[in-house]
Amino acid sequence: MNSFNDVFEEVLKYCYRLTGSDVPNDKRISESGYRMWIQVLKPYKMENNVAYLLAKSDFVKQQTMTAYGDVLNKAFEEVMGFPIKVDIMVSGDDEPEEKKEIRIEDTELSDEADVYTFDNFIRGSSNSLAYAFCNAVAEKYDDKNAEQIDPDKVFNPLIIYGDSGLGKTHLMKAIEYKVSKNHPELKIIYTTGEAFINELVKALEFKDTVNFHEKYRNADLLLIDDIQIIAGKERMQDEFFHTFNELYNARKQIVLTSDILPSKMTKLQDRISTRLSLGVQADVQAPDFETRMAIINRKAELLQLKLSDNVVRLIAEKLKTNIRQLEGTVKKIKALTVYTNESPSISMAQRVIKEIIISNQPSEITVDRIISEVANAFDVTADDIRSNHRHSKISIARKITIYILKEVKGMTYTQIGDALNKNHSTMTIHYRDVSNLLKSNKEMKDTVDDIIKNLKEK
Ligand SMILES: Nc1ncnc2c1ncn2[C@@H]1O[C@H](COP(=O)(O)OP(=O)(O)OP(=O)(O)O)[C@@H](O)[C@H]1O
C-alpha cells in the first residue's frame, strides 16, 4: 500500500470540506470545480517536501495550478503538519515505467469499499447491535439464512443512528460491499441524503423526474446515508415517502443512517416517522477505552504502521468521542514516519493529537455562517436574505437571521443593520417580532434551536 495515496485521500477530503456552505466565501471552492479539477488528480510521489500529482493533460494541469494551486498547497500542509509544495505532472502514454508502478489505484486499500468492510469494523458494546443488524441485512440475501428469519419484515427498514464519526457510514458501506460482492445481480443504490436531494432538484429543474423515479423505485437495496437532511424539506420528504412505500411494499430492503433517532426529528413528516418505525433501529455510541485501542491497532495494521502500546494508549486516552479523529491521528503519524524518517513516538503522537483537536474545534460563528445556515433551513439563498425581497419565506428567514445574530453573536442593532445593509431602526422591531413568535410557535422555535445547535456544533 502506498501511503502517499492515504495522504492524498486526506487532502481530497480537506478540499471537499471547502465546498461546504459553512465555509466563508473567500475560502470556499465550488463543488463542480472540486470535481472537475481536484478530484481527477492522481497521487504520484512525495520528495523533498514536494507533492507530485498527476493530471491527464497539460490543460488540466494549467487550470488546476492556476485556480487551485494555493488550495492544494494549504491542504497538504494541513494534512502533513508542515509546508508542502504541490507540483502537477502530466501523465501520458510515454509515462516512465517507474511512474506507472507507483500509481496503484488498484491496491487493496486505495478502494474505499475495501476499507469499509465488516472485517475492518471493530465491535464493542458501543456498536455491537448496529453491527449485528447490518450483518444480518447483508446476509439475508444468502439462501441458507433466508429460512431462519424473515428479515424482509424484521429488519426493514434498518436505521442506524448516532453522532458523527462513529461508524454509521462504515457499516452501511459494509452492507453494500458484501451484498454487491456476493450478489452482483442485485441493483444496489448507495447515496447520501444530500445527493438524493441534489438529484431530485436537478430532475425537477430539467423536468425529468421519470428517470429519477425509475432509478430509485427499482432498487433491490436502497442505502441512504444521513437521511436527517430531508427533515423540514417538504418536497424531498414527499419524494422519499413515495420511494419508501414502493420499495417497502415490494419487500425491498431499505437502510438509512441518521445523526438522530427519526422519531426525535421534529421536522420529519409524521407519516415518514411512522413508516421508519416499522423496522429496527440501533445506535452507535462513542467507543469505550478497549474498543478505541482495538480500533487504533486495526487502523495502524491496515497502514502497516507499528505503534507501541504506549502510543496507542495515549491516543485512546486523549481522543474519546470520534473514531474519525482516531483514524486521522494514525494516518498522520504514518505520514510523518514516512516523510520525516522518524519512528512513531509519544512526542510525535502528542503533536498530532494536539493538531487534530485544534482542527476539530467548532469553527467560528461568523455572520456568513449564520446567514448560510438560516438560508439552508428555510430553503432560500444567502443572497435572498441580504436582498429586499418581501416574499414571506424570505422575509421570515431574514428576521430569524436578525434574531440569531443578536442572540448568538451578541451584535448590536447597528452592527446587524450594517451587516445586512438594512435600516438599523427596523432591526429592533424584527428582533421583537421573532422573540414573540418563538413564544407561541413551537415548530418555529424548534427550527431556530436546530439552527443554533448546528452553528455551535460545526
Ligand atoms: N468500529 C469501528 N471500527 C473501525 N473503524 C471505524 C469504526 N467506527 C468508525 N470507524 C472509522 O471511523 C471513520 C468515521 O466513520 P464513519 O464515516 O462511518 O462515521 P459516521 O458515523 O458515518 O459519521 P458522519 O455522521 O459524520 O457521517 C471511518 O473511517 C470508519 O472506518
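In strand S2, tyrosine 52 is the bridge partner of lysine 45. The model is a predicted one. The pair belongs to a hairpin formed by S1 and S2, with two residues between the strands. Asparagine 48 lies in the turn and has a positive phi of about 45°. S1 covers residues 42–47 and S2 covers residues 50–55. The two strands run antiparallel and are joined by five bridges.

S2 also pairs with S3. Six bridges link S2 to S3, and these two strands run parallel. Valine 50 stands opposite lysine 85, a residue of S3. Together, three strands make an open sheet in the order S1-S2-S3, with mixed pairing. S1 and S3 (85–90) are the edge strands, and each pairs on one side only. From one strand to the next, the twist averages 25°. Helix H3, residues 58–80, lies across S2 and S3. Its direction is at about 160° to S3.

The chain as a whole holds 23 helices and eight strands. It has 458 residues, of which 33% count as buried. Among contacts with a separation of 6 or more, 72% are accounted for by residues 24 or more positions apart.

A second open sheet is built from five strands. Their order is S5-S6-S7-S4-S8, and the pairing is parallel. S5 (188–192) and S8 (280–283) stand at the edges with a single partner strand each, so one side of each is left without a neighbour in the sheet. Ignoring direction, neighbouring strands of this sheet are turned by 15° against each other on average.

Within this sheet, S4 (residues 158–161) pairs with S7 (residues 253–258). The pairing is in the parallel sense and runs over four bridges. Tyrosine 161 has serine 258 in S7 as its bridge partner. Helix H6, residues 128–139, lies across S4, S7 and S8. H6 runs at about 140° to S8.

Tyrosine 248 was examined individually. This residue is placed in helix H12, which spans residues 234–249. Its C-beta atom has 18 others within 10 Å; a buried residue needs 20 or more and an exposed one 12 or fewer, so tyrosine 248 is partly exposed. Neighbours within four places in sequence set aside, tyrosine 248 is in contact with Asn156 and Ile254.

Two packed helices are described by the angle between their axes and the distance between the axes. H14 (residues 289–302) and H15 (residues 309–318) pack at an angle of about 125°. Their axes are 9 Å apart. The crossing of H14 past H15 is right-handed. On the H14 side, the contact involves Phe289, Arg292, Met293, Ile296 and Asn297. These meet Val312, Arg313, Ile315 and Ala316 in H15. By class, the contact residues of H14 and H15 comprise six nonpolar, one polar and two charged.

The other pair joins H18 to H23. H18 takes in residues 367–378, and H23 takes in residues 442–457. Their axes lie 10 Å apart, at an angle of about 135°. This angle makes H18 oblique to H23. H18 and H23 cross in a right-handed sense. H18 contributes Arg369, Ile370, Glu373, Val374 and Ala377 to the contact. From H23 come Thr447, Asp450, Ile451, Asn454 and Leu455. The contact of H18 with H23 has five nonpolar, two polar and three charged residues.

Key: Residues numbered from 1 in each chain as written. Predicted model: local features only at pLDDT ≥ 70, side-chain atom pairs only at ≥ 80, totals over all residues. Axes fitted to C-alpha atoms, helices over the stretch in contact; angles between N-to-C directions. Left-handed = near helix turned anticlockwise from the far one by under 90°. Contact = placed C-beta atoms within 7 Å. Nonpolar A, V, L, I, M, F, W, Y, C, P; charged D, E, K, R; others polar. Pairing = 2+ DSSP bridges. Parallel < 35°, antiparallel > 145°, perpendicular 65-115°, else oblique.
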